[in-house]
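Dear colleague,

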Amino acid sequence: MVLKKTKNLPARYQDLKDQELVHLYRKKEDQLAFQELLNRHQTKIYSYIFSMVRNEEVANDIFQDTFTKVITKMDETYDEQGKWIAWVMRIAHNATIDHIRKQKRFVDVSGATDDDSKDDFYDRLEDESAIDQQTQLEMDESASELMKYIAELPEEQRTVIMLRHYYEMPFKEIAELTNVSINTALGRMRYALINLRKMFEENHTTQTKSV
Amino acid sequence: MNENDTDLIRYIYDEMDPTERMMFERKLERDENLLIEVETLKHTSGKLSDLPEVSPPDFLIRNIVQLSGSKGGSGFSFSYTLMAAMVLFTFSASYLMLDTENRFSFLGAFDNASQEQVDGVAKSSTGALPEMQPWVDYNEVLYLDQGSATASKQDSIFRQLQPSMGPVPGTMRDRFFNSDVVLTGSSN
């Protein structure tokens with residue numbers, strides 16, 4: 001998919017910080033302020049969700065659920081002290097992980113696959129069937145390959161990679177978001193990079209042999 | 001996970017303060033294996049910058065924008081609902097206060113005449129039906145002792161008193177305790 005830069009909002013909104021936009025939306029019900037927030041963050045939030053579930057329909061549902069919660073719960077649960085986007089990402093992350101775990105349970109219970117060596121949702125589910133064909137076409141080859149490798153990582157490592165690379169989220173925030181210590185978050189990142197490096201090397205070796 | 005492992009990630013992702021960074025770089029100069037690991041992981045991390053960004057479909061954004069507007073709308077109606085509730089509460093409270101004032105002003109006016117009324121009723125009731133003992137509560141309201149009289153006797157007393165007595169106007173008792181016989185005040 002192509003990144004679409006939007007929308008014709010007044011320039012003054014683009015100069016405002018997230019916190020100011022949130023304030024405008026909450027206190028003055030300024031819908032344009034909310035639209036500006038959405039424009040700023042929609043692609044990264046959606047990319048994160050999509051990269052985790054790798055299914056456009058599911059990603060759409062989770063994205064919409066996330067923003068429904070954001071809109072309805074903002075007055076009750078967001079205190080304007082912390083970063084708004086960290087709060088939104090927490091909602092998106094929780095919704096995504098909930099979905100993945102539900103799917104995992106479903107696959108476990110249904111016994112659709114009995115291969116015990118595969119302990120990750122993505123290992124059990126056929127990746128190719130999960131990815132929308134149109135989406136697959138739109139992704140370029142190397143990016144698709146990269147996504148495939150990332151999909152093979154354990155869920156915890158994949159989460160850290162995505163939060164860091166899509167959102168440039170500091171490890172301290174990743175640790176808070178995923179309810180682990182900062183050292184655990186750093187460790188997961190290290191293992192994720194090591195695992196990815198191995199996958200790249202294996203792929204390189206296979207290609208060399210086939211040539 | 002040892003300190004070097006976590007420091008290595010913090011170094012690659014630029015999360016060290018300048019002092020920590022300098023110390024870690026000194027460590028790298030002394031430890032060739034650590035240097036190789038840093039370079040390898042940096043290279044892998046660099047590949048992740050190619051991660052594709054995916055935009056949500058337009059219809060989804062339109063739905064969300066619409067929802068954000070309806071939240072604003074619901075906030076608007078909520079504030080109006082709140083205002084309406086407050087106005088209703090104010091009116092109810094003032095009505096009740098007015099009602100109470102009427103009641104007490106009535107009782108104030110009644111104060112002077114009440115003793116005569118009660119005496120008169122007592123006299124007439126004792127004359128006609130000696131076993132019926134009317135009594136007066138702290139609000140100076142006259143009650144007939146229903147326990148000691150039959151229904152026919154109550155009726156006859158009621159008919160006897162009716163020309164000179166009227167129901168207490170504007171009291172809560174009128175509305176909520178209609179089954180009681182509450183007679184006081186003079187229509188003359």
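Since the model is predicted, please keep in mind that pLDDT is the predictor's confidence in each residue, on a scale from 0 to 100. For chain A the pLDDT averages 80, and 78% of the residues score at least 70. Among the elements of chain A, the highest mean pLDDT, 92, belongs to helix α11 (residues 171–177), while helix α6 (residues 121–124) has the lowest, 42. Two stretches of chain A call for caution: over residues 1–6 the pLDDT is below 50, with nine contacts in the model beyond near neighbours in sequence, and over residues 111–129 the pLDDT is also below 50, with 21 such contacts. Where pLDDT is low, the predicted coordinates should not be read in detail.

Turning to the contact between the chains, 34 residues of chain B are in contact with 39 residues of chain A. On the side of chain B that touches chain A, the elements giving two or more residues are α1 (3–12), α3 (32–47) and α4 (58–128) of chain B, and of these α4(B) gives the most, with twelve residues. By residue type, that side of chain B divides into 17 nonpolar, ten polar and seven charged residues.

Finally, helix α2 (residues 18–30) of chain B has 13 residues and reaches 19 Å from its first C-alpha to its last, which is close to the 18 Å expected at 1.5 Å a residue. Of those 13 residues of α2(B) the number buried is zero, so the helix lies largely in the open.

With best regards

Terms used. Residues are numbered from 1 along each chain as its sequence is written. Chains are lettered from A and ligands numbered from 1 in the order in which they are written. This is a predicted model: local features need pLDDT of at least 70, side-chain atom pairs count only at pLDDT 80 or more; totals for chains, interfaces and linings use all residues. Two residues are in contact if their C-beta atoms, placed from the backbone, lie within 7 Å. Helices (H or I, at least four residues) and strands (E, at least two) are DSSP runs, numbered from the N terminus. Ala, Val, Leu, Ile, Met, Phe, Trp, Tyr, Cys and Pro count as nonpolar, Asp, Glu, Lys and Arg as charged, and the others, Gly among them, as polar. The expected span of a helix is 1.5 Å times one less than its number of residues. A residue is buried if 20 or more other C-beta atoms lie within 10 Å of its own, exposed if 12 or fewer, and partly exposed in between; C-beta atoms are placed from the backbone.
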